[in-house]
Amino acid sequence: MSVTFGCREERPGEYVRVVCLCAQEADRWGAAFRDPRLLDDPAVQAELRGEADPECEHCEGSGVELEQPPDPAWFNVCNETARALFGALGVPSGGALGMLGELPLPEARRALIRARNRPLAPFLRAPSIVRGGPVFRGDGLIALSPLRSVDDGLSEEDLRHWLDRFGQLVEEAARRGAGSVCWG
Ligand SMILES: [Zn+2]
């Protein structure tokens, strides 16, 4: 189970140019993959077009396709991490219906300042391994304590990362003209 954070305002159509996989044989494909600024060079454009598949549905034979970069106003965490994040922010997670809620931007900003200035230890989790009881396996052997699940835990560094990510969401939501951030 996981919780998705975002805002209701739609993402503006922001695209970046990237090399298309179909033009991989082009000499400077790798260089342009690492540094898309090379795509401004007409010689590189010609090289990519020369190697691209004219029928390619991603780049229509140009060797260059448009891609949306990862959305800064969207992230997803597991339920345990979401609970820690809400704890640190001092925000109720949404109550009986599960983790579903909305927070106006000014409140979100205040919550973030609170979270960054409080001890985070109460919200952290040590890594743990959960094992189950003995199980008869199909091959006639008995697994005495089979692995049930592995929890990587949540370090202070992890939680600070998610607080920063939440801050990034708040600022991106403001940039898009949204009045609040939401989760569900
Ligand atoms: Zn292509």
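Predicted model: local features only at pLDDT ≥ 70, side-chain atom pairs only at ≥ 80, totals over all residues.
The crossing of α4 past α5 is left-handed.

If you want to find the contact in your viewer, look on the α4 side for L105, A108, R109, L112, A115 and R116. Their counterparts in α5 are L163, F166, G167, V170, A173 and A174.

## α3 meets α5 at another angle

Helix α3 (residues 79-89) also has an axis that comes within 10 Å of the α5 axis, but here the crossing is at roughly 75 degrees. The two helices are therefore roughly perpendicular to each other. T81, A84, L85 and A88 make the contact from α3, and L159, W162, L163 and F166 make it from α5. L163 and F166 turn up in the α4 contact as well.

What is buried in α3? The residues are A82, A84, L85, F86, A88 and L89. They pack against β1, β4, α4 and α5. Helix α3 lies across β1 and β4, and runs at about 110 degrees to β4. Just after the helix comes G90, with a positive phi of about 70 degrees.

## The four-stranded sheet

β1 and β4 belong to an open sheet of four strands, in the order β4-β1-β10-β5, with antiparallel pairing. β4 (74-78) and β5 (101-104) stand at the edges with a single partner strand each, so one side of each has no neighbour in the sheet. On average, and ignoring direction, neighbouring strands here are turned by 20 degrees against each other.

Five bridges join β1 (residues 2-6) to β4 in the antiparallel sense. To get your bearings along this pair, find V3, which stands opposite V77 in β4.

## α2 and its two faces

Helix α2 covers residues 42-51, and V44, E47 and L48 are buried in it. These three cover an arc of only 95 degrees around the axis, which means they sit on the same side of α2. Note that a glutamate, E47, is one of the buried residues.

What do the buried residues of α2 pack against? Their neighbours are β2 (16-19), α1 (29-34) and β3 (64-67). Turn to the face pointing away from the buried side and you'll find the exposed residues P42, A43, A46 and G50.

β9 pairs with β6 (residues 128-131) in the antiparallel sense over four bridges. Within that pairing, I129 has V150 of β9 as its bridge partner.

Where does L141 lie? Look in the loop between β7 (135-136) and β8 (142-143). L141 is exposed because 9 other C-beta atoms lie within 10 Å, and the cut-off for exposed is 12 or fewer. Compare L141 with L120: the two are 21 residues apart in sequence and 45 Å apart in space, C-alpha to C-alpha.

Notes:
Residues numbered from 1 in each chain as written. Buried ≥ 20, exposed ≤ 12 C-beta atoms within 10 Å, placed from the backbone. Arc of directions from axis to C-beta. Contact = placed C-beta atoms within 7 Å. Pairing = 2+ DSSP bridges. Axes fitted to C-alpha atoms, helices over the stretch in contact; angles between N-to-C directions. Left-handed = near helix turned anticlockwise from the far one by under 90°. Parallel < 35°, antiparallel > 145°, perpendicular 65-115°, else oblique.
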